[in-house]
Amino acid sequence: MTTSYEELVAEMERISTVIQKFPENLQGKVFDIMVKSYLGDQTYEAATMEEPEPEPVQHISVVDSNRVQPIKKRPIRRNKDSYSMVKDLDLLGKTGVEPFRDFLERYEVNSNIKFNTVAVYYLKNVLHIADVTIDHIYTCYKNGERKVPGNLRQSITDTSSSKYGYINMSDNHITLSVLGENLVEFELKQEA
């Protein structure tokens, strides 16, 4: 197969538009492959014989034929926090107060944010605990037979964020906000 100059120029223009869709670190390799494929058995020698420094392998994702995007790998971060049960916390109602599970059943709790809020409300207003900590809430999750969030500290931080604002968290001390009280007393109560 003999290739005329005009055919080669036209093909090189098509190759250059395809190459631009790839990340820079792959463009040289893609060019070499496409030119070799186009020329077939004819020998192709790159203009420079220098090998570029190897770049780290980058996986790509082809969304459609007009767009190629690199896949971004996020590092896996494990939560290293550990919590402990508060042994002297009476969630079973041995001292005459309503057991936590019974209290929890009165409310429509369908998220960790709402569970955190109800737990703090119970600890503050029913058990009258002055310094509620993450360990207290962890104990409520265990007693309430609810799966503990993978990152409990973040779940509590989210509950105290400006988006919700149901609790206040300072260092490791947790208090209930007026928004949290209103949520428990008026919005989460199930119809009797």
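In the protein chain of this predicted model, confidence is lowest in strand E1 (residues 60–64), at a mean pLDDT of 57, and highest in helix H4, at 97; pLDDT is the predictor's confidence in each residue, from 0 to 100. Over the protein chain, the mean pLDDT is 83, and 79% of residues reach 70 or more. Because the model is predicted, local features need pLDDT of at least 70 and side-chain atom pairs count only at pLDDT 80 or more, whereas totals for chains, interfaces and linings use all residues. Residues are numbered from 1 along each chain as its sequence is written, and side-chain values use heavy atoms, with hydrogens and water left out.

The secondary structure comprises seven helices and four strands, where helices (H or I, at least four residues) and strands (E, at least two) are DSSP runs numbered from the N terminus. From the N terminus on, the order of elements is α-α-β-β-α-α-α-α-β-β-α. Of the 192 residues in the protein chain, 31% are buried, that is, under 20% relative accessible area (1.4 Å probe, protein chains only).

The axes of helix H4 (residues 112–126) and helix H6 (residues 152–160) come within 9 Å and cross at roughly 80 degrees; axes are lines fitted to C-alpha atoms, for helices over the stretch in contact, and angles run from 0 to 180 degrees between N-to-C directions. H4 and H6 are therefore roughly perpendicular to each other, a term covering angles of 65 to 115 degrees. In contact (heavy atoms within 4.5 Å) are Asn112, Ile113, Asn116 and Thr117 of H4 with Ser155, Ile156, Asp158 and Thr159 of H6.

Terms used
Angles under 35 degrees count as roughly parallel, over 145 as roughly antiparallel, 65 to 115 as roughly perpendicular and the rest as oblique. Buried means under 20% relative accessible area, exposed over 50%, partly exposed in between (1.4 Å probe, protein chains only).
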